[in-house]
Amino acid sequence: MARRLDSAKRVINGTYGELWVDGEKIAECTACQLKVAKNKQTVNLCGQFMDDSKATSGSGTGSLTLYKVDSGFIRRQQGLQDGEDVRCTVISKLRDPDSYGAERVAAYNVSFDDLTLADWQAATVGTVTAPFTFSLYELLDEIEVQ
């Protein structure tokens, strides 16, 4: 948590986010979310009225929102209909010029949940949302208050 917030300008603006998939910058990315959910088991303790819990495992999920510019994500999963589950690495970077630095997070063993072949509407900018799962993550760079 932030130890101090000297100005509202330090709050990071997502406009400065960047994304890479297997080392390739994905310029059409407009949103990225990476989450780890804890799977927990309830533990009832004698002498304690309230339930407690024990984390037993975790699962990583995420999604990318992309402007539809080309067929890159369709090509990336070309072997899908032949049963191939292509895995990749996703790296998110967020650095606002007014922030205290940059944060980079990597998600490994990324498997996209679906493949959007077509999704369009007249008079509407084309976007694609690509949900995925991952099994490992790493904080590559962190923001520290100075």
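The model is predicted, so local features need pLDDT of at least 70 and side-chain atom pairs count only at pLDDT 80 or more, whereas totals for chains, interfaces and linings use all residues. Residues are numbered from 1 along each chain as its sequence is written, and side-chain values use heavy atoms, with hydrogens and water left out.

Ser 99 is placed in the loop between strand S5 (88-94) and S6, where helices (H or I, at least four residues) and strands (E, at least two) are DSSP runs numbered from the N terminus. With a relative accessible area of 8%, Ser 99 is buried; buried denotes under 20% relative accessible area, exposed over 50%, and partly exposed the range in between (1.4 Å probe, protein chains only). When neighbours within four places in sequence are left aside, Ser 99 is in contact (heavy atoms within 4.5 Å) with Arg 10 and Ile 12.

A search of the whole structure finds 4 salt bridges, each defined as a side-chain nitrogen of Lys or Arg within 4 Å of a carboxyl oxygen of Asp or Glu. One of them joins the side chains of Asp 141 and Arg 104 (2.5 Å, N to O). Because Asp 141 lies in strand S8 (residues 136-141) and Arg 104 in strand S6, this pair ties together parts that are 37 residues apart in sequence. Both partners are partly exposed, Asp 141 with a relative accessible area of 31% and Arg 104 with one of 27%. In another, Arg 76 pairs with Glu 24, the closest N and O atoms being 3.0 Å apart. This pair links distant parts of the chain, with Arg 76 in helix H1 and Glu 24 in strand S2 (residues 24-25), 52 residues apart. Glu 24 counts as partly exposed at 44% relative accessibility. A salt bridge also forms between the side chains of Lys 25 and Glu 18 (3.4 Å, N to O), of which Lys 25 is partly exposed at 47% and Glu 18 likewise partly exposed at 27%.

The structure holds 0 disulfides, a disulfide being a pair of cysteine sulfur atoms within 2.5 Å. The sulfur of Cys 88 is 11 Å from the closest cysteine sulfur, that of Cys 32, which is too far for a bond. Cys 88 is buried at 5% relative accessibility, whereas Cys 46 is exposed at 85%.

Most residues other than glycine have a negative phi. Asn 109, although not a glycine, has a positive phi of about 60 degrees; this residue lies in strand S6 (residues 103-112) and is partly exposed at 33% relative accessibility. Ala 123 also has a positive phi of about 60 degrees without being a glycine, but lies in the loop between S6 and strand S7 (127-134) and is exposed, with a relative accessible area of 90%.
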